[in-house]
Amino acid sequence: MTVLDTRTLNRATLARQYLLDRADTPTRDAVAHLCGMQAQRPQEPFIGLWSRLRAFKPDELDDALTGREVVRTHLMRRTVHLVTADDALAWRARHDMMLRQRVLATYRSELADIDLDELATAGWAVVADRRPRSMAELVQTLHDRWPTPPRRALGELLVAALIPLAQLPPRGLWHNTAGVRNLPLATWLGRDIDPPSPDATDPTGQQLVRRYLAAYGPAATADIRSWCGLAGLPAAVETVREELVTFRDERGRQLLDLPDAPRPHPDTPAPVRFLPAFDNAILGYHDRSRIIDDAHLGLSVAGLRAVLVDGRVSATWTVHDNRLAITPLRPLSTTDQEAVHAEGQALTTFLDEDIDHVHIEATNG
């Protein structure tokens, strides 16, 4: 079985994530190809799309959100994701059990005595009036019946698990700081959520596997689980396995892939790219060694924005006091520093935040 080294996997990831060469893909189609974008920080998807799409304009994503082509909702890993309306409706039921389990694992003792079906029924009765509500407002309507659980725990159980909700614009629009107001997904999108499939071969899971590999492969089954949070995909993987090609990585893991997906030569040049916080190009794997060193894994989990140099996380970046500050994680060559500075300058123009200086911090060694 062919062994793919770390650099080869890196270039495959960059190509499929539109980070090797910016794409001309429309915004909605890019979000679909990426299987959604992690978006608990509402402005970050704009940066992620700017780094991936040629001539991306923020109003393209604004229009997709207000036009209900894309939507913000809890999905993969129980995090807020920006996904297409079609994917939200197709995938939500398949994620339902995982979402419940993750909320209950976080608030095990606080929610121990809650009858989930009773709470879900009561919550649905409240949102049936089609009035957008914050989580706090939803919990307040139910507080008399469930006065004991902490409001945060009860709220997260409702909005992240029991009731499939969309976070409505202006939340998530460019340079907008609006709070979260929710409506049921089906109400907002005007279409029903696809029901769970009784087919034991898990057709929705099959779609998730194929779509994940198109955007992230080659990858192991552990990577797929880590990305979506779903443990129960073995039937889907086995059903599609005959369609796939297999490799091994340098750690001996078996990797699955679509036969015709791009796997560029490992020496393919990789341009500097600025990534937003919680970008799935980093977080979408169990083994993230293809793009980030083990010593720096905590940076992405903590929500620091990253800079890719030669395809790997090599710096972090922040905006503060009208300055784009770049902190290298390793010494950068003069050529690399020039490339980082140039891409940083382009980023400041896109951000449109009156940034007047790009500064690369000094490194030790």
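Reader: Buried means under 20% relative accessible area, exposed over 50%, and partly exposed in between (1.4 Å probe, protein chains only). Does Arg130 count as buried or exposed?

Author: Arg130 counts as exposed, at 54% relative accessibility. The model is predicted, so local features need pLDDT of at least 70 and side-chain atom pairs count only at pLDDT 80 or more, while totals for chains, interfaces and linings use all residues. Residues are numbered from 1 along each chain as its sequence is written, and side-chain values use heavy atoms, with hydrogens and water left out.

Reader: Where does Arg130 lie?

Author: Arg130 is in the loop between helix 6 (116-127) and helix 7 (135-142). Helices (H or I, at least four residues) and strands (E, at least two) are DSSP runs, numbered from the N terminus. The phi of Arg130 is near 65°, which is a positive value in a residue other than glycine.

Reader: And what is the phi of Arg77?

Author: The phi of Arg77 is near 60°, again a positive value in a residue other than glycine. Arg77 belongs to the loop between strand 3 and strand 4. Its relative accessible area is 14%, so Arg77 is buried.

Reader: Arg78 is in that loop as well. What is Arg78 in contact with, leaving aside its neighbours within four places in sequence?

Author: With those neighbours set aside, Arg78 is in contact (heavy atoms within 4.5 Å) with Met98, Leu99, Arg102, Val103, Thr106, Glu156 and Ala160. Arg78 counts as buried because its relative accessibility is 18%. The two strands on either side of the loop are strand 3 (70-74) and strand 4 (80-84).

Reader: A change of topic: how many helices and strands does the chain have?

Author: The chain has 15 helices and 13 strands. Its radius of gyration is 21 Å, close to the 21 Å that the globule rule gives for 365 residues, so the chain is as compact as a globular protein of that length. Of the 365 residues, 55% are buried. The C-alpha atoms fill a box of roughly 65 × 55 × 40 Å along the principal axes.

Reader: Which residues touch the most other members of the largest nonpolar core?

Author: Leu119, Leu157 and Leu158 do so, in a core of 63 residues. A nonpolar core is a set of buried Ala, Val, Leu, Ile, Met, Phe, Trp, Tyr and Cys residues joined through side-chain atoms within 4.5 Å. Beyond its neighbours within four places in sequence, Leu119 is in contact with residues including Ile114, Trp146, Leu154 and Leu162. A second, separate core has 36 residues, among them Ala39, Leu65, Trp174 and Ile355.

Reader: How many residues of helix 1 are buried?

Author: In helix 1 (residues 6-16), 8 of the 11 residues are buried, including Leu9, Arg11 and Arg16. Tyr18, with a positive phi near 60°, follows helix 1. Tyr18 is also touched by Ala30, as are Thr25, Leu49 and Leu53, not counting residues up to four places away in sequence. Ala30 itself is in helix 2 (residues 27-33) and is buried, with a relative accessible area of 0%.

Terms used. Rg over C-alpha atoms; globule rule 2.2 N^0.38 Å.
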